[in-house]
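Subject: Structure handover

Hello,

Here is the structure we talked about. Please open it first, then read the notes below it.

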Amino acid sequence: MDADWVARFADEVIAEAERRAPGKPVVCASGLSPSGPIHLGNLREVMTPHLVADEIRRRGHECVHIISWDDFDRFRKVPVGVDPSWNEHIGKPLTSVPAPPGSEHPNWAEHFKAPMIAALAELGVEFHGISQTQMYGSGAYREQVLLAMRERRRIDAILDQYRTKKAKAKEVADADEAAALEGSGAANEDDGSGAGGYYPYKPYCSVCDRDLTTVTSYDDETTEMSYTCVCGHSETVLLSEHTRGKLVWKVDWPMRWAYEGVVFEPSGVDHSSPGSSFVVGGQIVREVFGAPQPIGPMYAFVGISGMAKMSSSKGGVPTPADALSIMEPALLRWLYARRRPNQSFKVSFDQEIQRMYDEWDTLTRKVQDGTALPADQSAYRRASSTASRVLPETPRRLPYRTLASVVDIATGHEEQTLRILRAFDPEIGGLDELRPRLDRAQHWVNTYVPAEERTQVRETPDKELLDTLGEQDRESLRLLAEGLGEQWSLDGLTTLVYGVPKVQAGLDMDAKAATPELKAAQRAFFALLYRLLVGSDTGPRLPTLLLAVGRDRVRELIGHA
Ligand SMILES: [Zn+2]
């Protein structure tokens, strides 16, 4: 059987973990910064190690997936829409910044972690969250911090190799810029160099709690460290007791690889370029912390389509929770499982989501009847279940596009929705059988389909148009009206709307015919019906539309009441 990318990484990671620490749990890791809403694009940071960790667990190995919450990072900027008075908090740890107004959470970091944690639970991602505020604050990294300070000259020399390379490498600047735009911020963080010498540790000021500090001296013997702050404060502390500060990013990351024994941690394209944190970190973890670098594939950016129209009202930043409001967890998992990490793809909030769902349904059928290719089967299995659970499924699956058309037309009226959908599947006992897919489609139509693409069934007949119709068109409407009585089902209406132009051409209603003339006549007939029913040249598939509008109203709108 073809091993997919997840299985191949799992092989590699298990072998490496056995080599390093036989019998110990395998450690995979992700890092997330709760500096603002966690972008859907950042979900790949979690899904890539999740899928690998899950495969390792399926094979019976113990595996821990760590998510490091970078909540001890500095607050960089006040996002649009938040009171400018938050400016005074710039430079403080994210856990020391008040949550945005109206939040139920104790601080900024917790406010933005919470929806991500909820989304990950829905997605079936099992992880062990580690707060960096808690780790640094408790002194857990004491030995590592003292070691890094002792080795500061060596670290400075390593960083210096890349500082030179970096100046030469244009693409790094571009990647850093991309990272800054993306909001990860880490890539453009100050690496600890300053006029007074190189120190990889940055204290938060004990008076103003900001990191606008400069270390001015450090004594290896006593661990006495002096710093000054732009607020005017200066003091000398014992680093062996100090817990209000952290290692700079490029040292902090490799320190944690060594501390946690991380075997697998992928990174975004911005962290994997020459001179980037992952490359520099590899050298620092080996030469300073005496541990190997994790296996760390680079993952490509995940794009979003269909959010442009939302950007003004929603800030243009879709989160995993937004994606889960329009698609089921298994489908979202599948988008990540089926593409290798270095392949980019898009998550669609526009019409494309209907095609994505069609593909998913096709794959499901192939898996059920045993005709799916091995790699597709693997992706399906990874999407629909984890080592410990099966993701929730919609018991009765109707095509997403059908559900979307129907809820669009029925505008959320439940009885009407059920009546129409029974024409597609008479066995439907109640709408709950169609959930949660139905609710996702409903939310998509209400939230992401632009007003001009929504279906507006006419309130009253278009008298003007009806009065000016020629004999041919009148005849077609009469034939349609006659047929509505017997043909009130999805199949019947399909035969009817294609058949009316056939009858007019002297053929049988269900004749197999497809001449260019007939096709043109069918197109013209459909356009006429759309005009009369929804005042537009196009719309949802006609049989669906007719069922949704209802027999009496159709008769009224085509002038045959
Ligand atoms: Zn200060």
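A residue counts as buried when its relative accessible area is under 20%. Ser 384 is at 10% relative accessibility, so it counts as buried. Keep in mind throughout that this is a predicted model.

Overall picture first. The chain has 561 residues, and 50% of them are buried. Its secondary structure comes to 24 helices and twelve strands. The C-alpha trace spans about 100 × 55 × 45 Å along its principal axes. Take the contacts between residues at least 6 apart in sequence: 70% of these join residues at least 24 apart.

Now the metal site. Which residues are the protein donors of the zinc ion? They are Cys 205, Cys 208, Cys 229 and Cys 231, each through SG, at 2.2 to 2.3 Å from the ion. The angles among the four donor atoms run from 104 to 117°, and the site is tetrahedral. All of those angles fall between 85 and 135 degrees, the range that tetrahedral requires. The spacing of the donor residues in sequence is C-x2-C-x20-C-x1-C. Cys 205 sits in the loop between strand 4 (201-203) and strand 5 (213-218), while Cys 229 belongs to strand 6 (residues 224-229), so this pair ties together parts that are 24 residues apart in sequence. Both Cys 205 and Cys 229 are buried.

Asp 209 is in the loop between strand 4 and strand 5. Its phi is near 65°, a positive value in a residue other than glycine. Asp 209 has 18% relative accessibility, so it counts as buried. Thr 223 is in the loop between strand 5 and strand 6. The phi of Thr 223 is also positive, near 60°, and this residue too is not glycine. Thr 223 is buried, at a relative accessible area of 10%.

One more backbone point. The peptide bond joining Arg 435 and Pro 436 is cis, with omega about 5°. Pro 436 is placed in the loop between helix 17 (414-424) and helix 18 (437-448).

Next, a helix pair. How do helix 14 and helix 15 pack? Helix 14 (residues 352-368) meets helix 15 (residues 374-384) at an angle of about 105°, and the axes are 10 Å apart. That makes the two helices roughly perpendicular. Helix 14 contributes Trp 360, Leu 363, Thr 364 and Val 367 to the contact. Helix 15 contributes Asp 376, Gln 377, Tyr 380 and Ala 383. By type, the contact residues are five nonpolar, two polar and one charged.

Stay with helix 15. Its buried residues include Ser 378, Ala 379, Tyr 380, Arg 382, Ala 383 and Ser 384. What covers the buried residues of helix 15? The cover includes helix 1 (5-20), helix 2 (43-58), helix 13 (329-337) and helix 14.

Back to Ser 384, which lies in helix 15. Leaving aside neighbours within four places in sequence, Ser 384 is in contact with Ala 330, Val 390 and Leu 391. Ser 384 and Thr 364 are 20 residues apart in sequence, and their C-alpha atoms are 9.9 Å apart in space.

Best wishes

Key: Residues are numbered from 1 along each chain as its sequence is written. This is a predicted model: local features need pLDDT of at least 70, side-chain atom pairs count only at pLDDT 80 or more; totals for chains, interfaces and linings use all residues. Side-chain values use heavy atoms; hydrogens and water are left out. Donors are N, O and S atoms within 2.8 Å of the metal (3.2 Å for Na, K and Ca); water is not among the atoms, so sites may look incomplete. Four donors count as tetrahedral if all angles lie between 85 and 135 degrees; four count as square planar and six as octahedral if opposite donors are over 155 degrees apart and all others between 65 and 115; anything else is irregular. Helices (H or I, at least four residues) and strands (E, at least two) are DSSP runs, numbered from the N terminus. Buried means under 20% relative accessible area, exposed over 50%, partly exposed in between (1.4 Å probe, protein chains only). Axes are lines fitted to C-alpha atoms, for helices over the stretch in contact, and angles run from 0 to 180 degrees between N-to-C directions. Angles under 35 degrees count as roughly parallel, over 145 as roughly antiparallel, 65 to 115 as roughly perpendicular and the rest as oblique. Contact means heavy atoms within 4.5 Å. Ala, Val, Leu, Ile, Met, Phe, Trp, Tyr, Cys and Pro count as nonpolar, Asp, Glu, Lys and Arg as charged, and the others, Gly among them, as polar.
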